[in-house]
Amino acid sequence: MGSTPHARRPGGAASPRMVRGARVPARASSEHSRTKANPVSETSPAPGGPSIDEQSITAAVDAALAAIAAAPDTAALKQVRIEHVGDASVLTSANRAIKDLPKEQKAAAGKLVGQGKGRVQKELAARQAELAAAEEEAALAAETVDMTLPTDRRPRGAAHPLWTLTERIEDFFVGIGWEIAEGPEAESSWLNFDALNADAEHPSRSLQDTLYLAPENSGMLLRTQTSPVQIRAMLERGAPLYIACPGTVYRADEIDATHSPMFNQVEGLAIDKGLTMANLVGTLDALAAHLFGGAPITRLRPNHFPFTEPSAEMDFRCFACEARLGLEHDADPDCRVCGGTGWIEMGGCGMVHPNVLRAAGVDPEEHQGFAFGLGIERILMLRNGVADMRDMVEGDVRFSQHYGTEI
Ligand SMILES: [Zn+2]
């Protein structure tokens, strides 16, 4: 009912006279008074086509209202509007046909069609407003830009715990007035061994222990300790000198839970007039307190190193069990850190050998010095309970994340 015969029946044999198509054609009133009695006249092109009777108008209105309610969006509603109240719709066609009705029928037909069309238009407007609001809301939600979101969504990561610990150690030395010194990792054999008073037959020079750099006889190696940095500093700056040298060193070791061919150490060197072992022990006590807390007690055990005389192994009183409270307290026999001994081996130390001072241009009659070295991985393992050294270098980010984002 919603369109002219043209539109309803594309390609059909609609008469041009029926374009205006009501089934109440203009002729009806002038030629025959049959419209009311038989709305489906013989001139009607399609049975069931438009007519102005209450039933068909009500049906058209009901169909329009149902279509409006079912329209899911404004685009669909636009089609509903065209179909049900557009030029070719049943209601519009009926409206046009009113003027051709007999005079006495016009008022009733006009009221019927007008009210029906009015209801449809009102529903259309309401549904249009409803759908447009929903669509605008959806569009706004889709286009929302949260200005408070971070612009960089990449995870921040964490400083590697070895690096964090190295910085903490550096902070300690800077805090007591020392300087941080650095040097190359590819080092001359002279600075790594000879200047440090290691004789030509010293076992650490062997290929089993040291990584030499090509070509053969280049005299270059990957430094096995950071001690060459001490020689460089003494040669460049002379005495007095207070430096800490953190850095990576290399040994021809297989990697396992407690060994690595590449690890980090920090060495300290103090050169001044009148320095003694007491100054060394005092410095180590302060370092132990900085790293592990507790009541630090440093124990020295005689040893031999070519670059110090006297030389000693240094032990820190265990920080993990009762031993940390002092010498009167027994260590926990089950302590995992000290193994029940109450002591933790930390590294080597001693008074700088006069030959080393001489090699570095310092007069041993005038200046004395002490030196010590500690492994940073070992400190991390003790301090933070890392059981396997390999965890530090395997690059699993979960290892670093465990330490948070401390910077
Ligand atoms: Zn212990």
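## Strands 8 and 9

Cys-349 has Phe-372 in strand 9 as its bridge partner. Strand 8 (residues 343-352) and strand 9 (residues 368-375) run antiparallel and are joined by five bridges. Strands here are DSSP runs of E with at least two residues, helices are runs of H or I with at least four, and both are numbered from the N terminus.

This is a predicted model, in which local features need pLDDT of at least 70 and side-chain atom pairs count only at pLDDT 80 or more, while totals for chains, interfaces and linings use all residues. Residues are numbered from 1 along each chain as its sequence is written.

Step back, and you will find an open sheet of seven strands in the order 1-4-5-9-8-7-6, with mixed pairing. Two strands pair if DSSP finds at least two bridges between them. Strand 1 (179-180) and strand 6 (298-305) are at the edges with a single partner strand each, so one side of each has no neighbour in the sheet.

Helix 7 (residues 161-175) lies across strand 1, strand 4 (241-250) and strand 5 (262-272), at about 165° to strand 4. Angles run from 0 to 180 degrees between N-to-C directions, with axes fitted to C-alpha atoms, for helices over the stretch in contact.

Within helix 7 sits Ile-169. Ile-169 is buried, with 22 other C-beta atoms within 10 Å (buried means 20 or more, exposed 12 or fewer, partly exposed in between, with C-beta atoms placed from the backbone). Beyond its neighbours within four places in sequence, Ile-169 contacts Pro-246 and Val-266; contact means C-beta atoms, placed from the backbone, within 7 Å.

Methods. Contact = placed C-beta atoms within 7 Å.
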